[in-house]
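Please read the points below against the sequence and the model shown here. They cover strand pairing, the nonpolar cores and a few single residues.

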Amino acid sequence: MCGRYSIAASGADLVAALELDGTEAGFEWEPAYSVAPRTRAPVIRDRLAGDQRVREAFLPTWGLRPSWAKEKGPRPINARLEGVATNGMFRSSFASARTIVPMTGYYEWQEAVEGGKKVKNPSYVHAPGDELLAAAGLLAFHRESDYEDWRATFTIITRTVITM
């Protein structure tokens, strides 16, 4: 998966389709056909509210930033499945902060040579009928200072494509 995906469903549609218990306060989402890195996008998390498990949608920023990472450090948008359990960037999130990233499709770019120049041609990968897809993701939370609220970020888990 490359650096763009779509969620052609409203926040209310996500809540209904995924049978969520609700959303985080302030959650608002309108359909988007090109979700870009470093923007806020809906993900689904389970959390405890008192002694009840709640499954809700909320809007973290796409590009994982663990609490220990520096402000100017890397913000990976994708995490390879083959390394999430052992790579230091993802290991803690993989152990305890998994999420579902709803989408209706994603874009893959294929390199080609046209007129002697390298170009990238996009392909849109989606389900028949544009039903919702559910990608695996990881969450991380950080604060800039002790006086700020926690900020959430996420990455999408990808895997090597196997061709036969």
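**Notes on the strands, cores and selected residues**

1. Four strands make up an open sheet, in the order 3-1-9-10, with antiparallel pairing. Strand 3 (32–35) and strand 10 (117–126) are the edge strands; each has a single partner strand, so one side of each is left without a neighbour in the sheet. On average, neighbouring strands of this sheet are turned by 30 degrees against each other, direction ignored. Strands here are DSSP runs (E, at least two residues) numbered from the N terminus, and two strands pair if DSSP finds at least two bridges between them. The angles, which can run from 0 to 180 degrees between N-to-C directions, are taken between lines fitted to C-alpha atoms.

2. This is a predicted model, in which local features need pLDDT of at least 70 and side-chain atom pairs count only at pLDDT 80 or more, while totals for chains, interfaces and linings use all residues. Residues are numbered from 1 along each chain as its sequence is written, and side-chain values use heavy atoms, with hydrogens and water left out.

3. Tyrosine 5 stands opposite valine 35 of strand 3. Valine 35 touches Gly3, Arg4, Tyr5, Ile7, Trp29, Ala41 and Trp62, leaving aside residues up to four places away in sequence; contact means heavy atoms within 4.5 Å.

4. Strand 11 (residues 133–142) pairs with strand 8 (residues 98–103) in the antiparallel sense, over six bridges. Here methionine 103 is opposite leucine 133 of strand 11. Strand 11 also pairs with strand 12 (residues 151–158), again antiparallel and over six bridges; leucine 138 has threonine 155 of strand 12 as its bridge partner.

5. The largest nonpolar core has 25 residues, of which Tyr5, Trp29, Val35, Trp62, Val101, Phe154 and Ile156 touch the most other members. Strands 1, 3, 4 (43–49), 5 (52–58), 8, 11 and 12 each supply at least two residues of this core. Strand 12 gives the most, with three residues. A second, separate core of eight residues includes Leu64, Phe90, Ala140 and Ile157. A nonpolar core is a set of buried Ala, Val, Leu, Ile, Met, Phe, Trp, Tyr and Cys residues joined through side-chain atoms within 4.5 Å. Buried means under 20% relative accessible area, exposed over 50%, and partly exposed in between (1.4 Å probe, protein chains only).

6. Serine 6 belongs to strand 1 and is buried, at a relative accessible area of 0%. Its side chain makes a polar contact with the side chain of tyrosine 124 (2.5 Å). A polar contact is a pair of N or O atoms within 3.5 Å; within protein, one must be able to donate a hydrogen and the other to accept it, and residues adjacent in sequence count only if both atoms are side-chain atoms. Residues that serine 6 touches include Ala32, Tyr33, Met103 and Thr104.

7. Threonine 104 sits in the loop between strand 8 and strand 9, yet counts as buried at 3% relative accessibility. A polar atom of the threonine 104 side chain lies 3.0 Å from the backbone nitrogen of alanine 8. Among the residues threonine 104 touches are Ser6, Ile7, Tyr124 and Leu133.

8. Glycine 115 is in the loop between strand 9 (105–114) and strand 10. Glycine 115 is exposed, with a relative accessible area of 84%. Its C-alpha atom is separated by 37 Å from that of alanine 41, 74 residues apart along the chain.
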